[in-house]
Amino acid sequence: MSEEKKTSADVEQMWEAYFADPDTENKNALLMHYLYLVKRIVLRMMPTYKNQSDYDDLLSNGVIGLMDAISKFDMLRNVKFETYASKRIQGEILDYMRKQDWISSSMRTRIKKVKQAYDSMASQTGRQPTEQEVADVLDLTPTQVKEAIDNEYMYSIIHFESVISSNTSEEPIKVIDTLQDDDEEAMPEQHLERKEMLNHLSLVLEDLPETEKLVIDLYYRKELLLKEIAQVLNVSESRVSQIHSKAIKRIQAKMQE
């Protein structure tokens, strides 16, 4: 039976079979069915897909998160599996990315120069410069400029999670939890920090400029890809990456205050 033709009744039967007998075969059936969640999250987190090894690494770690979600899922909590699994998948990928020294010192230097060039040229001309214009000023190729922007975007996601995460509770509070949890039952009552973080983060988000607020909402709540957000705003993917990074830095500063 193909994944596309599975009905809600089919999926429910898969879960019933797994809970009755959590063997490898039943777990793999669920794993294959929900693999699309991993692929969707990896594509959202990777602004470029040219580096197949990076994609495969993130995919592998996402699968680990999905397997863990299947093993620990409790239907009695009245939380959709897709919501619960998405958090575990993204958490596993972020943990992996934090451990990797994937931005070299030379790339950090290039990121800083590209950011400064964009800001300087934007203030001088009153408009956002193109990748080609920035590349000409810095004697780089447009591809190198875009690579710097994409790397900053990925770094901002990781760093944002680190700033938002709480060190005071046994279970870290991740931004993916605070931005996506609309169900009170999904937040354990004993974790008061999470509720306080949600309230504080909501106020910070409301204070963002409208474009940055929209990008954050489309990325975290609506879970759109960068290219989809770019189509909504009628700008380039690189521009969306920049807006996202600026929003994250603004949120970080507010949260640290």
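Asn78 is exposed, because its relative accessible area is 53% (exposed means over 50%, buried under 20% and partly exposed in between, with a 1.4 Å probe and protein chains only). Asn78 sits in the loop between helix H4 (52–72) and H5. Its phi is near 60 degrees, a positive value in a residue other than glycine.

The model is predicted: local features need pLDDT of at least 70, side-chain atom pairs count only at pLDDT 80 or more, and totals for chains, interfaces and linings use all residues. Residues are numbered from 1 along each chain as its sequence is written, and side-chain values use heavy atoms, leaving out hydrogens and water.

The protein has 13 helices and 0 strands (DSSP runs numbered from the N terminus, with helices being H or I of at least four residues and strands E of at least two). From the N terminus, the order of elements is α-α-α-α-α-α-α-α-α-α-α-α-α. Of the 257 residues, 46% count as buried. Among contacts between residues at least 6 apart in sequence, 63% join residues at least 24 apart (contact means heavy atoms within 4.5 Å).

Mean pLDDT is 81, and 79% of residues reach 70 or more (pLDDT is the predictor's confidence in each residue, from 0 to 100). Two stretches fall under 50. Over residues 166–176, pLDDT stays under 50, and the model has 26 contacts beyond four places in sequence for them. Over residues 180–190, pLDDT also stays under 50, with 22 such contacts.

Helix H1 (residues 8–20) and helix H2 (residues 24–33) have axes that come within 8 Å and cross at roughly 145 degrees (axes are lines fitted to C-alpha atoms, for helices over the stretch in contact, with angles from 0 to 180 degrees between N-to-C directions). From H1, Val11, Met14, Trp15, Ala17 and Tyr18 take part in the contact; from H2, Asn26, Lys27, Ala29, Leu30 and His33. The residues of this contact divide into 7 nonpolar, 2 polar and 1 charged (Ala, Val, Leu, Ile, Met, Phe, Trp, Tyr, Cys and Pro count as nonpolar, Asp, Glu, Lys and Arg as charged, and the others, Gly among them, as polar).

Ile103 lies in the loop between helix H5 (81–99) and helix H6 (105–125). Ile103 is buried, because its relative accessible area is 4%. Beyond its neighbours within four places in sequence, Ile103 is in contact with Arg108, Ile111, Asn151 and Tyr155. The C-alpha atoms of Ile103 and Met154 are separated by 9.9 Å, and the two residues are 51 residues apart along the chain.

Helix H11 (residues 210–221) has 12 residues and should span 16 Å at 1.5 Å a residue; its end C-alpha atoms are 15 Å apart, which agrees (the expected span is 1.5 Å times one less than the number of residues). Buried residues in H11 are Glu212, Lys213, Val215, Ile216, Leu218, Tyr219 and Tyr220. Glu223 belongs to the loop between H11 and helix H12 (226–233). With a relative accessible area of 18%, Glu223 is buried.

Ser241 is placed in helix H13 (residues 237–256). Ser241 counts as buried, because its relative accessibility is 0%. Not counting residues up to four places away in sequence, Ser241 touches Ile149, Asp150, Tyr153 and Leu226.
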